[in-house]
Amino acid sequence: MKLAFLPFNVGKPKPVIEFDENFADSPSMQLSGLPVSQGTVTGRARVVLDVKEAARIQPGEILITRCTDVGWSPYFPLIAGLVTELGGLLSHGAVVAREYGLPCVAGVPGATHYIRTGDQVLLNATGGTITK
């Protein structure tokens, strides 16, 4: 069992989600979040939990991560789309995705848990969904 927390907490954080391992192994699923940069793209997912692992990103992949900051900026020209677990309209990933014209959905709880590197995904950043 893995736990998740709200993106913003006041006081001591309390877990809000227990991840369903069977759901993670499902051949198809749809997650949703906040559409922050419109567009639709289909491609291979690349789950990266730390910017130190970002060198593994291949051109045309859809980056799935917890959040981004300025250290991720050199990788935006490589990716075809972005999904973050945290953030909103003014988060780093959302702003830079709009600058590059990349589809982006933010605030997708469990994205790095349910989607695995190599999964073929459809990122519909106009509707705020990612489908595996």
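Leaving aside its neighbours within four places in sequence, which residues is Ile115 in contact with? In this predicted model, where residues are numbered from 1 along each chain as its sequence is written, local features need pLDDT of at least 70, side-chain atom pairs count only at pLDDT 80 or more, and totals for chains, interfaces and linings use all residues. Side-chain values use heavy atoms, with hydrogens and water left out.

With those sequence neighbours set aside, Ile115 is in contact with Leu31, Ala45, Val47, Ile64, Val121 and Ile130, contact being heavy atoms within 4.5 Å.

Ile115 also belongs to the largest nonpolar core, which has 18 residues. Such a core is a set of buried Ala, Val, Leu, Ile, Met, Phe, Trp, Tyr and Cys residues joined through side-chain atoms within 4.5 Å; buried means under 20% relative accessible area, exposed over 50%, and partly exposed in between (1.4 Å probe, protein chains only). Among the residues with the most contacts inside this core are Leu31, Ile62, Val83 and Leu123. At least two core residues come from each of β5 (40-47), β6 (62-65), α3 (111-114) and β9 (120-124), and β5 gives the largest share, 3 residues. Helices (H or I, at least four residues) and strands (E, at least two) are DSSP runs, numbered from the N terminus. Another core, of 15 residues, lies apart and includes Ile57, Trp72, Val96 and Ala106.

Turning to the aromatic rings, a search of the whole structure finds 1 pair. The ring centres of Phe76 and Tyr100 are 6.3 Å apart and their planes lie at 20°, so the pair is stacked (centres within 6.5 Å, planes under 30 degrees apart). Phe76 is buried, at 2% relative accessible area, whereas Tyr100 is partly exposed, at 44%.

Conventions. Rings of Phe, Tyr and Trp (its six-membered ring) pair if their centres lie within 6.5 Å; planes under 30 degrees apart count as stacked, over 60 as edge-to-face and the rest as tilted.
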